[in-house]
Each structure stands twice: as C-alpha cells, then as structure tokens.
Amino acid sequence: MSWIAAGLGTATAWADKLWIRVSTRLPHRLTRDLILGLSIGIAFSLTSTRLAIFAQEWRRSRATKSIPRRPIEVRSDEAVPGVVGLIGNTPLVRINSLSDALGVDIFGKAEFLNPGGSVKDRVALRIIEDAEARGLLHPHTGSVLFEGTVGSTGISLATVGKAKGYEAHIIMPSDVAIDKVLVLERLGATVERVPPVSIVDQNQFVNLARRRAHEFGNVDLPTNSTTDDIVVSTTATDDDVHGAPTPRHRDAVEHKPRGFFADQFENSSNFDAHFRGTGPEILRQTGGHVDAFVSGAGTGGTISGTSAALKRAVPDLKVVLADPEGSGLFNKVKYGVMFASQESEGTKRRHQVDTVVEGIGINRITHNFELGEAIIDDAYRVTDAEAVAMSRYLVANDGLFLGSSSACNLVACVRLAKTMPRGARIVTILCDSGARHQTKFWSDEYLAKHGIPIDVGMIADLLAA
Ligand SMILES: Cc1ncc(COP(=O)(O)O)c(C=O)c1O
C-alpha cells in the first residue's frame, strides 16, 4: 500500500502547487468586483437587446397579421371581376444584379403590371370609389373625370373610368412624352395639351383641369370637404339642385352628367390608396422584414401613404426620397426649405422641374406630400444621366425595361444600400414600363439632342465606389 500513499502524496503536492499558482494570479478584490459587475452588465444588456428584438418582432408580426387577407390574387387560378380586379396585389421582384453586387436585397414593387400600366391605377380606383361612396359620382350617367396629369394618372383614370362607366378629359403639359398621349387617345379620353407653366398661371394643367370641371356643368355641387379641392359640377338645373329636395329633384340631379375634378395632388384618396394597398402588400410580401423604403414624389401619395403604413409596423424603417434634377423636394427634406425664395413656384413664371424624368419632382408642397413629410428621413438627388444609365443597366443585366421614375428610384436604392449593413432589405416602386417613355427617356436621339449622356459604366462605377 505504500505505493498508494506515495501516489496520494504526489497528487496532493501537485494540487497544492496548482492552487498557489492560481491564487497568486487571481485579481485584486476590486478588479474581481469590476469583472463581476461587467459580466452582469453584459448579461443584462444582452437580455435587454433580446427583449427589444423580441418586442420588435412581436410588433411586426402583430402588424402583418392585422392586414386583411387579399380579396383577389392576380396570377392565381381565380377569375377576377373585370379590369378593376386586376389592380394592385402586384409582385415584389428582387433586382438581382444590384442586390448581388452590393450584398443586400433590393426589391421593386412591380406596379407596371397594373392593367393601366402604372402605380396610378390604385389611385384612380380609390378616387373614383371614394367619390361614389360620398355620392359625388354616379356611373353610366355621362359623367366626366377631369384631371391635370403628366400622363400616368390620366391613363389610369381613363382605364378605370371606362371599366366603371365614366369618360375622361385629361389636361397635360405639352412637353410630356407623346407615347402617353397616344395611349390616352386609344382609350377614348379627351386630351388637351397646354404649355408647361407655373402653378400661379390659370392655364397651368392642374388649374385648367379644375376649371374645365366647373365649366362642364351649370352648377357646382357641395362636396362637404375641407381638405381637398375636388370640384363636382352638374348639368342639372339650378332649380333641381337648390329647389325643394323632392324625389323628382333628387333623381334629376343624380341622373344628370357631372364634371368631376379628381385632384390627385390634394385629394387624400391618393394617400389612402397606398396606405391601404401598397404599404400593407409590401408588409405581407416581406413578412415585415424591410429596413428601408425608397420612392420619388410627384403628388407625394406613394411615398406618404406607403411609408405611413410601413412605419406603423416597422418604426425604425428608413424612408428615403429619390428626387430628380430641378425638383425642390430634396432641399425640403434635407434642409427644410425648398429653394431660394426667388425660385419658388409661383414667383418665377416658368416650368421649374427641368428633368427628363417624368412623374416625379415638384416645386410645391402638395397635401399628399405633406401627409408623410415628417416621416421621410433622407433624400438623394439623382441626375438625368444617372437615371438613364440605370435604365440601360437594368435591361442589360436583369431584363427589366423600366420608365424614368423607376430608374431614379433604383439609383437612390444603390446609394442608400452603400450606407447600410450587408443583408439589408430595401423596397422601392417600379412605377411604370419603359414603353411609356420611348420618345424621350428611351430615345437615344432625344437624349443626344438635350446633351444627356448614355453611359452605362456610371452604374458599374456607382456599385464599385
Ligand atoms: C411614372 C410615375 N412615377 C411616379 C409617380 C409619382 O407618384 P406620386 O404621384 O404618388 O408621388 C408618378 C406620378 O404621376 C408617375 O407618373
């Protein structure tokens, strides 16, 4: 047994040595307390971070769950009830070339797939249905929708109008691509093209549309609205409108043709179309996992309505405006002022938004922009050359043939992606197709004549920078 005793003695001696070693290395009591405090702090902060993430996930899933099931699904096996049933529920497509180059996910809401070819179908439908619900419009009465537009909203009003029983009378600036005029004419709309002038001019396209709606009837009907500038005139007589409210009078007023000014810039049905449609659809399509939303603004309805719906579910979402050359909104978002006061729309009697990009950029604050202004976090200015380069790059690399505002949005997406962590998820709007812009934005001759370069290499440089 002596070998066991010897072994035990050796082990004890070894343990003693180890203890002396460790104990001499143990930190001073104060240091120990510090380490202990630090460990508790780290554990607490990890727990609170997890709690914050959990709360965010819970809020996100609650918000996405509260979105009503879609009534229709384009590309499903169901039949949809007419052209109006094709509006909305557009796919969300990953832009592979840009996403892969940057290590992020850039998604585009394919609004060009709406039956009228743009994001504006949602707005036209909402404006008409809200007006019907308010008793301002009655279908199949020979009533006419009047609107001032650079084209897309006109095409959408003409499309939805025909489907629902209304005519369309569209006033456009004469410098807009002729492609849209041709579509409007094919859709049976009356088109007036007027010189591009400032909003203070009575013949500016929006002012003229309002006036035409007045002129259509004998009497203006009350709209009972303090927020928009909708005009509804009727061909009924003054006596029918203001006489004793007998069933005969009411019937005469309801069945007579009306002139209705849709007023996309100030009418909050525009905001609502995106707040109730585009935004919730994006939440559903991303499961609420979206870090940023990028959009240009014409009337402001898209950026305001969509962002408001997204931010409700994802409060730390970043909202970024893509603004073309000549527009004052970039300065408004970045610095709180649109431009030097002498340049404001209304003081200079000239068309202000000097860009080849159509549909976005403006030099006044509309009601629909105002509704979302406070939640726009940042803005990027996009040059015509960059938008043109992006459009050509997307055709070459993704097979996507897009219009100018979509290209502008995607330039801003790339800039933004470079400031965000890898794996970030950015959503933007693909507003319309390149087919609407053949004679200007997509015409090499037109661009050459106006000194706008076509340099696809610009996008490779932007991605590499
Ligand atoms: C092609 C196109 N893209 C974008 C927009 C801008 O959308 P919003 O008016 O909602 O700001 C418009 C507006 O007319 C447009 O025509």
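View 1. In β4, L145 has A168 as its bridge partner. This is a predicted model, in which local features need pLDDT of at least 70 and side-chain atom pairs count only at pLDDT 80 or more, while totals for chains, interfaces and linings use all residues. Residues are numbered from 1 along each chain as its sequence is written. Helices (H or I, at least four residues) and strands (E, at least two) are DSSP runs, numbered from the N terminus. Two strands pair if DSSP finds at least two bridges between them. β3 and β4 run parallel and are joined by five bridges. A residue is buried if 20 or more other C-beta atoms lie within 10 Å of its own, exposed if 12 or fewer, and partly exposed in between, with C-beta atoms placed from the backbone. Five of the five residues of β3 are buried, so β3 is largely enclosed by the rest of the structure. On one side of β3 the buried residues are V144, F146 and G148, and on the other they are L145 and E147.

**View 2. The open sheet that contains β3.** Six strands form this open sheet in the order β5-β4-β3-β8-β7-β6, and their pairing is mixed. The edge strands, β5 (190–194) and β6 (219–220), each pair on one side only. β5 pairs with β4 (residues 167–173) in the parallel sense, over five bridges. M172 stands opposite R193 in β5.

**View 3. V231 and its surroundings.** V231 is part of strand β7 (residues 231–234). Why does V231 count as buried? V231 counts as buried because it has 24 C-beta neighbours inside 10 Å. Two residues are in contact if their C-beta atoms, placed from the backbone, lie within 7 Å. Not counting residues up to four places away in sequence, V231 touches R210, A213, H214, D220 and F261. R211 is 20 residues from V231 in sequence, and the two are 8.8 Å apart in space, C-alpha to C-alpha.

**View 4. Two loop residues with positive phi.** Most residues other than glycine have a negative phi. H140, which is not a glycine, has a positive phi of about 55°. H140 is found in the loop between α4 (120–133) and β3 (144–148). H140 counts as exposed because it has 9 C-beta neighbours inside 10 Å. D263, also not a glycine, has a positive phi of about 60°. Its place is in the loop between β8 (258–261) and α10 (269–286). D263 counts as buried because it has 27 C-beta neighbours inside 10 Å.

**View 5. Strand β2 between β1 and β12.** Five of the six residues of β2 (residues 105–110) are buried, and the strand is mostly covered. β2 runs antiparallel to β1 (residues 92–94), with three bridges joining the two. β2 runs parallel to β12 (residues 425–430), with six bridges. G108 of β2 stands opposite V93, and G108 also stands opposite T428 in β12.

**View 6. The nonpolar cores.** A nonpolar core is a set of buried Ala, Val, Leu, Ile, Met, Phe, Trp, Tyr and Cys residues joined through C-beta atoms within 7 Å. The largest core has 64 residues, and L321, V411, A412 and C413 have the most contacts inside it. Helix α15 (residues 404–417) gives the most to this core, nine residues. Leaving aside neighbours within four places in sequence, C413 is in contact with L98, I106, V294, I426 and T428. A second, separate core of 42 residues includes A163, I170, V176 and A177.

**View 7. The shell around the ligand.** Which residues are the closest to the ligand? The closest are S152, G298, T302, G359 and C431, among 18 residues that surround the ligand. A residue is near a molecule if its C-beta atom, placed from the backbone, lies within 6 Å of it. Helices α5 (152–164) and α11 (301–313) each supply at least two residues of the shell. The shell residues divide into four nonpolar, 12 polar and two charged. Here Ala, Val, Leu, Ile, Met, Phe, Trp, Tyr, Cys and Pro count as nonpolar, Asp, Glu, Lys and Arg as charged, and the others, Gly among them, as polar. The ligand lies between domain 1 (83–117 + 268–464) and domain 2 (119–261), because both give residues to the shell. The domain bounds come from an automatic or database domain assignment.
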